[in-house]
Amino acid sequence: MPADDSRAGPFRWQNRHPARHCFAPALTPTTILLHQKSRVLELGFADGSAIRLPYEFLRVYSPSAEVRGHGPGQETLQAGKRDVTISELEPIGHYAVRPKFSDGHDTGIYSWEYLQELGLHQDEMWQRYLDRLAAAGASRDPA
């Protein structure tokens, strides 16, 4: 993490309450940081591990019906999201967050489990996204 981006952006959330749902405590982040300069969401966990997810990656893999559709094959390719930012992050109970993106998208509810899945498979998912963009003749850059 660059020195000029080592501090949290305007948002820092500490989870001081244990999860009251079926998720294992290890799945619940203890800190959530929005790094506005690098446009990265960072989740910190009690064991010292962290997941860093770029805003663009989160936006193009939003769990919303607008992006995923209502079934297999109904996904909508999200192009032009390179410069997207997160202006707000709303906690949803003790199990998720809902980011408000600068392009107006705010319907995706990202569970801790889904965010960890994104972190685990980030490299292959990102490459799949880039391949889909190329196949569609689309760009990450805004129109």
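Student: Which helix gives the largest share of the lining of the largest pocket?

Tutor: In this predicted model, that helix is α4, which contributes four residues to the lining. The helices α2 (65–68), α3 (112–120) and α4 (122–136) each supply at least two lining residues.

Student: What makes α2 (65–68) a helix?

Tutor: A helix has to be a DSSP run of at least four residues, and α2 covers 65–68, so this run qualifies under that rule. In total the protein has four helices and seven strands, and along the sequence they follow the pattern β-β-β-β-α-α-β-β-β-α-α.

Student: What makes a residue part of the lining of the largest pocket, and which residues are closest to its centre?

Tutor: A residue counts as lining when one of its atoms lies within 4 Å of a pocket point. The largest pocket holds about 290 Å³ of space, and of the 15 residues that line this pocket, V60, Y61, R68, E75 and R132 are the closest to its centre.

Student: How many residues of that lining are nonpolar, polar and charged?

Tutor: The lining has seven nonpolar, three polar and five charged residues. Among the residues closest to the centre, R68, E75 and R132 belong to the charged class, because Arg and Glu are counted there.

Student: What share of the protein is called buried, and why?

Tutor: Buried residues make up 37% of the 143 residues, and they are called buried because their relative accessible area is under 20%. The protein as a whole exposes about 8,000 Å², of which carbon and sulfur atoms supply 51%.

Definitions and conventions. Residues are numbered from 1 along each chain as its sequence is written. This is a predicted model: local features need pLDDT of at least 70, side-chain atom pairs count only at pLDDT 80 or more; totals for chains, interfaces and linings use all residues. Side-chain values use heavy atoms; hydrogens and water are left out. Buried means under 20% relative accessible area, exposed over 50%, partly exposed in between (1.4 Å probe, protein chains only). Accessible areas come from the Shrake-Rupley method with a 1.4 Å probe; for residues, only the protein chains shown count as cover. On a 1 Å grid over the protein atoms alone, a cavity is a set of points where a 1.4 Å probe fits but cannot get out, and a pocket is an open set with protein on both sides within 12 Å along at least five of seven lines; lining residues have an atom within 4 Å of a point. Grid points are joined across faces, edges and corners, and a volume is the space filled by probe spheres set on the points.
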